[in-house]
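Here is a short report for a reader new to this structure. Please look at the sequence and the model first.

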Amino acid sequence: MDARVNRDIETSKVPEVTLIFWIIKILATTLGETGGDAVSMSMKLGYAVGSAIFIAIFAAAVVAQITTRKFHPFLYWFVIVATTTAGTTMADFADRSLGIGYSGGSSLLFALLMISLGLWYWSEGSISVHTVATAKTETFYWVAILFSQTLGTALGDWMADTNGLGYEGGALIFGAGLVLVAAAYFFTSISRTALFWAAFILTRPLGATLGDLFDKPHADGGLAFSRYSASAILAALIILCIVLLPQRAAIRSGKTGATGI
């Protein structure tokens with residue numbers, strides 16, 4: 001009986017949203033900051049070239065992810081890392097190279113994220129990650145992920161640089177935001193889907209400020225780690241987490257299931 005029930009359960013192509021998920025997500029977003037800066041700044045390729053490189057990697061990784069038929073942890077997290085590195089260079093390009101500043105870049109990226117989520121909801125009737133099982137919904141999912149990662153980078157830089165909080169202050173602000181989201185999850189009936197996207201966005205600027213804290217010079221309030229060394233350490237930690245803390249695919253729900261929106 002149990003075996004037959006298990007066979008009837010449909011799974012999504014994304015992992016269960018557990019504490020392990022958020023730990024790896026924060027590590028991946030921090031790696032995105034150090035890795036993106038390593039290519040655009042340490043290698044002196046610039047934000048435009050860096051963005052082109054990482055968007056190409058992201059596109060190839062997404063094609064592989066969409067064409068696979070089930071959840072593969074290493075592939076999934078590789079795509080996440082690709083979105084974080086692309087998000088880092090894209091945000092820097094919008095903020096600095098386009099000359100619109102952190103506020104302009106953040107506003108533009110927020111609008112793009114809302115449009116992508118709106119189109120997803122209009123097409124599918126839900127933006128819940130538990131519905132991600134078809135090529136169409138997965139395409140919407142990864143576009144929204146890319147914009148959310150890019151927005152998070154811009155917000156992190158805006159908070160740390162423009163508002164004078166520094167990298168430690170920025171990390172504390174976004175960490176506090178995540179605590180509030182967690183409290184809302186446990187003590188309120190707010191849509192779990194809305195809370196997921198809020199937490200997903202907030203973990204990116206947290207990772208951005210932590211990444212900057214690692215690799216910026218002491219004079220700028222950082223720890224002066226090499227971007228290459230920091231990226232290698234973070235990549236190793238992600239691999240260890242995936243190997244030692246196995247993840248399961250999320251249970252697939254209907255369009256308007258218990259997850260809310």
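## Around Pro 205

Pro 205 touches Gly 152, Leu 155, Gly 156 and Phe 174, leaving aside residues up to four places away in sequence. The model is predicted. Pro 205 sits in helix 8, which covers residues 192-215. Its relative accessibility is 0%, so Pro 205 counts as buried. Thr 150 is 55 residues away along the chain, yet the C-alpha atoms of Pro 205 and Thr 150 are separated by 9.2 Å.

## Aromatic pairs

The whole structure holds 15 aromatic pairs. Take Phe 21 and Trp 77: their ring centres are 5.3 Å apart and their planes stand at 50 degrees, so the pair is tilted. Phe 21 belongs to helix 2 (residues 19-42) and Trp 77 to helix 4 (residues 73-97), so this pair ties together parts 56 residues apart in sequence. Phe 21 has 1% relative accessibility and counts as buried. Trp 77, at 2%, counts as buried too.

Phe 196 and Phe 200 make another tilted pair, with centres 5.5 Å apart and planes at 40 degrees. Both lie in helix 8, 4 residues apart, or about one turn of the helix. One aromatic cluster includes Phe 21, Trp 77, Phe 196 and Phe 200; among its other members are Trp 22, Trp 120 and Tyr 141.

## Charges over rings

Lys 25 lies over the face of Phe 200, 4.1 Å from the ring centre. Arg 192 places its charged end over the ring of Tyr 185, at 4.6 Å from the centre.

## Helix 3

Helix 3 has 22 residues, 46-67. At 1.5 Å a residue it should span 32 Å, and its end C-alpha atoms are 32 Å apart, which agrees. Its buried residues include Tyr 47, Phe 54, Phe 58, Val 62 and Ile 66.

## Helix 9

Which residues of helix 9 are buried? They are Arg 227, Ala 230, Ser 231, Leu 234, Ile 238, Cys 241 and Ile 242. Their arc is only 105 degrees around the axis, which puts them on the same side of helix 9. At the start of helix 9, a side-chain oxygen of Ser 226 comes to within 3.2 Å of the backbone nitrogen of Tyr 228.

## A buried serine in a loop

Ser 126 is in the loop between helix 5 (101-124) and helix 6 (135-162). At 1% relative accessibility, Ser 126 counts as buried. A polar atom of its side chain lies 3.0 Å from the backbone nitrogen of Ser 128.

How values were computed. Residues are numbered from 1 along each chain as its sequence is written. This is a predicted model: local features need pLDDT of at least 70, side-chain atom pairs count only at pLDDT 80 or more; totals for chains, interfaces and linings use all residues. Side-chain values use heavy atoms; hydrogens and water are left out. Helices (H or I, at least four residues) and strands (E, at least two) are DSSP runs, numbered from the N terminus. The expected span of a helix is 1.5 Å times one less than its number of residues. Buried means under 20% relative accessible area, exposed over 50%, partly exposed in between (1.4 Å probe, protein chains only). The arc is that of the directions from the helix axis to the C-beta atoms. A polar contact is a pair of N or O atoms within 3.5 Å; within protein, one must be able to donate a hydrogen and the other to accept it, and residues adjacent in sequence count only if both atoms are side-chain atoms. Contact means heavy atoms within 4.5 Å. Rings of Phe, Tyr and Trp (its six-membered ring) pair if their centres lie within 6.5 Å; planes under 30 degrees apart count as stacked, over 60 as edge-to-face and the rest as tilted. A charge sits over a ring if NZ of Lys or CZ of Arg is within 6 Å of the ring centre and within 35 degrees of the ring normal.
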